[in-house]
Amino acid sequence: LTTGNVNSVEFGKLGFYPVDGIIDAQPLYASNVSTPTKGIHNLLVVATENDSVYAFDADSGTPIWQVTVLKSSETPSEDPSGAGNPPIGVNATPVIDRKIGPNGAVYLVAASKDGAGSYHQRLHALDLALGTELLGGPIEIQATYPGTGDYNDGTNVIFDPRQYRERCALLLVNGVIYTTWASHYDFRPYTGWIIGY
């Protein structure tokens, strides 16, 4: 930041990178990523509520890769209250692990709805240099816990992908990815969840 780019008209804006939807997750930065076909780049990784993930050259803004994490015939999830709010795709800030796979990984949770009306929450591990799926993923977020809170079968509380929104940033600790879950706008039935993979 200098007096040349911080003044009464602008505050250090370096560029504008077009994406396909709302960005609620914080963009992430990874330095000196070696891509197989485009050389070494400092990457800016951006995920949208339309379930798209982008990697831009952080210095020039040039797109390096872009992927959708939707499966065929799926759309980003929607607010189950029917209130007409924007789509809910990648809501929480992803996390990067530079030690996984050949180039490092971007872990993220994406919400979607399939053609039959079923909701999905999936954990993805994308190759940092290519945007391709790693580790045989994605995996469906599924969980049960002994208890009788909201949405239970009499013995266990059940994680319902329709009712939950992954809000907090993903956390990587000792090889475990932690996700945290709350409701959509406090609409019951819901309970709070912390799930590790």
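Reply: Gladly; here are some terms, each set against its definition. This is a predicted model, where local features need pLDDT of at least 70, side-chain atom pairs count only at pLDDT 80 or more, and totals for chains, interfaces and linings use all residues. Residues are numbered from 1 along each chain as its sequence is written, and side-chain values use heavy atoms, with hydrogens and water left out.

Me: How many helices and strands does the protein have?

Reply: There are 0 helices and 15 strands. Helices (H or I, at least four residues) and strands (E, at least two) are DSSP runs, numbered from the N terminus.

Me: Why is the protein called as compact as a globular protein of that length?

Reply: The globule rule is 2.2 Å times the number of residues to the power 0.38, and the radius of gyration is taken over C-alpha atoms. For 197 residues the rule gives 16 Å, and the radius of gyration is 18 Å, close to that value, so the protein is as compact as a globular protein of that length.

Me: What makes strand β2 mostly covered?

Reply: Buried means under 20% relative accessible area (1.4 Å probe, protein chains only). In β2 (residues 39-47), 7 of the 9 residues are buried. Across the protein, buried residues make up 44% of the 197.

Me: How do you know that β2 pairs with β1 and β3?

Reply: Two strands pair if DSSP finds at least two bridges between them. β1 (residues 28-35) has 6 bridges to β2, running antiparallel, and T35 stands opposite G39. β2 and β3 (residues 52-57) are joined by 5 bridges, also antiparallel, with A55 as the bridge partner of V45.

Terms used
Buried < 20%, exposed > 50% of the residue type's maximum accessible area, 1.4 Å probe, protein only.
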